Amino acid sequence: MSQPLRLGIAGLGTVGTGVVKIVRQKAALLTERSGRSIEISAVSARTRDKDRGVNLSSYAWEDDPVALATRDDVDVFVELMGGSDGPAKAAVEAALKAGKDVVTANKAMLAHHGQALAALAEDNGAVLRFEAAVAGGIPVIKALTEGLAGNDIERVMGVMNGTCNYILTRMEDGGLTYEEAFAEADALGFLEADPQLDVGGIDAGHKLSLLSSIAFGTQVNFDAVELEGIGSVTIEDIRQAADMGFRIKLLGVARMTGRGLEQSMAPCLVPANSPLGQLQGGTNMVVIEGDQVGQIVMRGAGAGEGPTASAVMGDVMDVARGLRVSTFGRPADSLTEATPARASTPAPYYLRMTLADKPGALAKVATALGEAGVSINRMRQYNHTDDSAPVLIVTHKTTRNALDQALVAMEATGVVITAPVALRIEEV
Ligand code: HSE
């Protein structure tokens with residue numbers, strides 16, 4: 001039997017506690033599967049005296065995560081503290097410099113410092129793994145780096161923030177306003193300490209930037225992700241999109257185009273009967289399209305103790321088995337600096353507006369669209385309220401530039417009472 005693999009775990013919140021439980025409760029299974037025993041040497045957290053529901057007495061305690069990361073009896077530093085900078089980054093850097101392998105769930109740290117950390121890992125002969133950072137329990141990093149390694153990846157899409165999907169689902173099935181659904185998610189403890197990370201699309205944007213890097217061989221560039229949160233999605237749009245056969249999702253889409261790398265995380269419409277459209281509640285879904293494999297759909301829990309600890313343990317087991325894959329699936333110095341491109345691959349759009357109820361109003365809107373080269377696919381006018389009429393339009397595929405031109409021209413007609421809402425329809 002090989003030497004035991006000794007872990008040092010920093011961060012004993014939900015995920016850290018989950019990892020300790022798996023190591024303790026599944027010791028025999030983990031040994032059978034990896035050929036070595038998985039042990040915990042030492043742990044670290046902000047507070048020592050707290051009942052976490054697991055027995056930590058046999059592990060050494062370190063107040064300082066950097067000291068934990070560099071202990072002689074730690075082979076793998078498991079970073080579950082979070083935060084893009086500060087102690088998490090300092091400890092990960094210290095571990096890598098000491099030649100120790102690192103497993104982390106820290107999407108913010110990798111989204112901001114992934115390239116430098118990947119290079120540091122390689123310089124020191126260490127591996128840096130992060131399955132738990134993207135889509136919780138779904139093994140999407142492993143799928144992209146290993147199972148799909150023989151493909152050119154064409155598009156990566158994902159609903160990767162369970163809280164946003166929960167809010168949007170409750171707006172649709174419970175008829176709640178955004179504010180009511182947000183309050184419900186808050187009461188259930190779903191929101192991050194800074195809710196903007198969830199509803200502003202930042203958390204999901206971090207995840208998309210990591211997937212893009214692996215999929216397209218590019219350096220992580222979170223700043224280039226076009227971000228739009230769900231705060232402006234209204235119950236009217238949810239209802240009327242549903243009426244036209246769509247659901248609204250906070251959808252991440254990354255694709256490499258002739259103009260550069262498109263990365264967008266924004267509310268989009270998807271067909272209600274598609275796998276993405278069917279995704280309910282706090283669940284995540286990642287869709288990958290490769291030139292050989294076609295479309296792969298992976299669905300599962302994006303957060304929570306068991307699913308996230310499961311992903312951490314997948315990485316730990318790879319290290320135990322001696323699998324050493326580069327952080328982003330290829331050597332850090334071969335990752336290219338992609339030109340960021342505005343997401344403008346032609347797509348159909350959903351438009352909702354309120355028009356003045358007078359002769360020629362609709363004709364003026366149709367003319368504005370036509371003159372910008374935007375063709376109408378479907379159109380619906382609802383019951384008039386007072387002297388205005390709500391109108392929905394689904395366009396044929398068009399570029400965002402042409403659409404923006406049409407929106408400006410529409411405003412100038414004087415018949416549009418409320419600024420049109422325009423949402424991309426992602427073909428899936
Ligand atoms: N807050 C995230 C979510 C989980 O709601 O999916 C951690 O990334």
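A residue is called buried when its relative accessible area is under 20%, exposed when it is over 50%, and partly exposed in between (1.4 Å probe, protein chains only). The model shown here is predicted, and local features need pLDDT of at least 70 while side-chain atom pairs count only at pLDDT 80 or more, although totals for chains, interfaces and linings use all residues. Residues are numbered from 1 along each chain as its sequence is written, and side-chain values use heavy atoms, with hydrogens and water left out.

View 1. The domain assignment, whose bounds come from an automatic or database source, places domain 2 at residues 142–301 + 337–341 and domain 3 at residues 349–425. The centres of domain 2 and domain 3, taken over C-alpha atoms, are 26 Å apart, and 14 residues of domain 2 are in contact with 11 residues of domain 3, where contact means heavy atoms within 4.5 Å. About 1300 Å² is buried between domain 2 and domain 3, with carbon and sulfur atoms giving 57%; buried area is the accessible area (1.4 Å probe) that two parts lose on being put together, summed over both. Of the area that domain 2 buries against domain 3, Gln240, Met244 and Leu269 supply 48%, more than any other three residues.

**View 2. The salt bridge of Asp243 and Arg380.** A salt bridge is a side-chain nitrogen of Lys or Arg within 4 Å of a carboxyl oxygen of Asp or Glu, and 2 salt bridges are counted between domain 2 and domain 3. Asp243 forms a salt bridge with Arg380, with the closest N and O atoms 3.2 Å apart. Asp243 is partly exposed at 42% relative accessibility, and Arg380 is also partly exposed, with a relative accessible area of 30%.

**View 3. The salt bridge of Lys397 and Glu427.** The side chains of Lys397 and Glu427 meet in a salt bridge, at 3.3 Å from N to O. Lys397 lies in the loop between β16 (388–395) and α15 (400–413), whereas Glu427 lies in the segment after β17 (416–424), so the pair ties together parts that are 30 residues apart in sequence. Helices (H or I, at least four residues) and strands (E, at least two) are DSSP runs, numbered from the N terminus. Lys397 is exposed, with a relative accessible area of 52%, while Glu427 is partly exposed at 43%.

**View 4. The surroundings of Thr308.** Thr308 lies in helix α13, which covers residues 305–321, and counts as buried at 8% relative accessibility. Leaving aside residues up to four places away in sequence, Thr308 touches Val15, Ala132, Gly136 and Ala303. A polar atom of the side chain of Thr308 lies 2.8 Å from the backbone oxygen of Gly304.

**View 5. The backbone at Ala135.** Ala135 is placed in the loop between β6 (128–129) and α6 (140–147), and at 0% relative accessibility Ala135 counts as buried. Although Ala135 is not a glycine, it has a positive phi of about 60°. Most residues other than glycine have a negative phi.

Methods:
A polar contact is a pair of N or O atoms within 3.5 Å; within protein, one must be able to donate a hydrogen and the other to accept it, and residues adjacent in sequence count only if both atoms are side-chain atoms.
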